[in-house]
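Work through the following exercises with the sequence and the 3D structure at hand. Each task is followed by a solution in steps.

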Amino acid sequence: MNNESPVDYRFSFGPWNISEGADPFGPEIREAYPHEKKFVLYKKLGFNGVQFHDDDVVPGIDDLTPAQVEQQTAAVKKILDDEGLLAEFVAPRLWFAPQTVDGGYTSNSATDREYAWKRTQQSIDIARGLNSKGLVLWLAREGTYIREAKNAREAYDRLLETVNRILDYDSEIEVWIEPKPNEPTDQAYVPTIGHAIALSYASKCPDRVKGLIESAHAMLAGLDASDEMAFALAHGKLASVHLNDQNGLKYDQDKNFGSTNLRAAFNQVRVLEENGYGRNGEFIGLDVKAMRTQAGVPVTAHLENSRRIFLHLVEKVRTWDRNRESELRAARDYEALELAVMEHLLGVA
Ligand code: 3MF
Ligand code: MG
């Protein structure tokens with residue numbers, strides 16, 4: 001437990017969270033809300049960090065010259081400055097283009113791997129232009145639909161090679177790996193934060209290779225998100241989070257933070273608080289989907305509400321009776337400890 005003054009959390013999300021409402025079973029049910037207008041919403045909603053895919057900054061990136069990419073990056077940087085916003089990270093979107101159909105870095109095709117590397121370089125250049133030090137690798141298609149499709153050993157070598165190449169390409173950029181066990185692939189090569197951190201230590205600069213933990217992704221791996229966070233924190237490697245929630249082992253739901261399992265959410269906030277997450281400028285990132293049923297354009301209630309639930313839980317963590325916790329731990333009376341947590345969350349203690 002640290003005794004410094006409480007962290008004044010700052011919040012971030014990516015523009016994709018303000019969505020058009022498409023799902024695998026039906027098309028968009030809301031009109032697109034223009035990007036520039038999304039930036040204006042951030043502050044009003046209580047957020048000052050923006051998470052980007054490369055093509056959120058530079059639409060049509062594949063068809064542009066380096067000079068055009070630079071120009072467009074500068075234009076977005078100006079919008080951010082005018083709005084008083086910070087770019088938290090940039091992530092190469094390596095799951096849309098035909099060249100990434102079977103993965104990027106681990107594709108069996110050398111030309112596809114070259115494409116993935118080019119997008120990665122462009123993303124780093126964009127991050128530099130936006131004054132962001134984080135490059136997020138959500139390794140969406142770095143895995144297989146059937147095991148025989150790729151040589152897994154070779155794939156792991158390729159992933160490590162990519163991490164090292166990024167570290168060589170830019171002396172300041174940090175690689176933030178966002179693990180997810182499955183979806184869109186059947187099995188991903190970096191399913192948990194443990195895998196990401198192993199890659200970090202194997203790399204040529206472990207200090208610059210960290211993780212981003214999404215609550216739902218940990219749950220999809222059958223793990224507890226708060227323990228996953230504690231593991232990364234114990235190694236000084238929790239660079240960011242995607243707080244959200246998930247109801248069981250099914251498709252990635254990106255539900256509002258705490259909306260399915262309030263106690264699990266409380267424990268994530270508790271671990272973040274206990275370990276001073278945020279003191280070095282880390283953001284509380286949210287990755288939440290609007291319900292398809294929600295009317296209006298743009299829909300933002302899910303973002304505001306998740307932030308609000310987070311702040312309520314911060315209050316619950318700060319008012320949690322630590323002395324009682326210590327006593328009950330010492331007495332090994334976990335039945336009483338559990339009841340104390342439940343009554344605290346219910347507000348009846
Ligand atoms: C995956 C991510 C993002 C996705 C986003 C849109 C940085 O969980 O966080 O990558 O692109 O969720 O689907
Ligand atoms: Mg995410």
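Helices (H or I, at least four residues) and strands (E, at least two) are DSSP runs, numbered from the N terminus. This is a predicted model, in which local features need pLDDT of at least 70, side-chain atom pairs count only at pLDDT 80 or more, and totals for chains, interfaces and linings use all residues. Residues are numbered from 1 along each chain as its sequence is written, and side-chain values use heavy atoms, with hydrogens and water left out.

**Exercise 1.** Describe how H11 and H12 pack.

Step 1: Axes are lines fitted to C-alpha atoms, for helices over the stretch in contact, and angles run from 0 to 180 degrees between N-to-C directions.
Step 2: Helix H11 (residues 322–330) and helix H12 (residues 334–346) meet at about 155°, and their axes are 8 Å apart.
Step 3: Angles under 35 degrees count as roughly parallel, over 145 as roughly antiparallel, 65 to 115 as roughly perpendicular and the rest as oblique.
Step 4: H11 is therefore roughly antiparallel to H12.
Step 5: In the contact (heavy atoms within 4.5 Å), H11 supplies Glu 325, Leu 328 and Arg 329, while H12 supplies Tyr 334, Ala 336 and Leu 337.

**Exercise 2.** Which residues does Leu 130 touch, leaving out those up to four places away in sequence?

Solution: Leu 130 touches Phe 52, Val 57, Thr 73, Val 76, Lys 77, Leu 80, Ala 87 and Val 90.

Conventions: Chains are lettered from A and ligands numbered from 1 in the order in which they are written.
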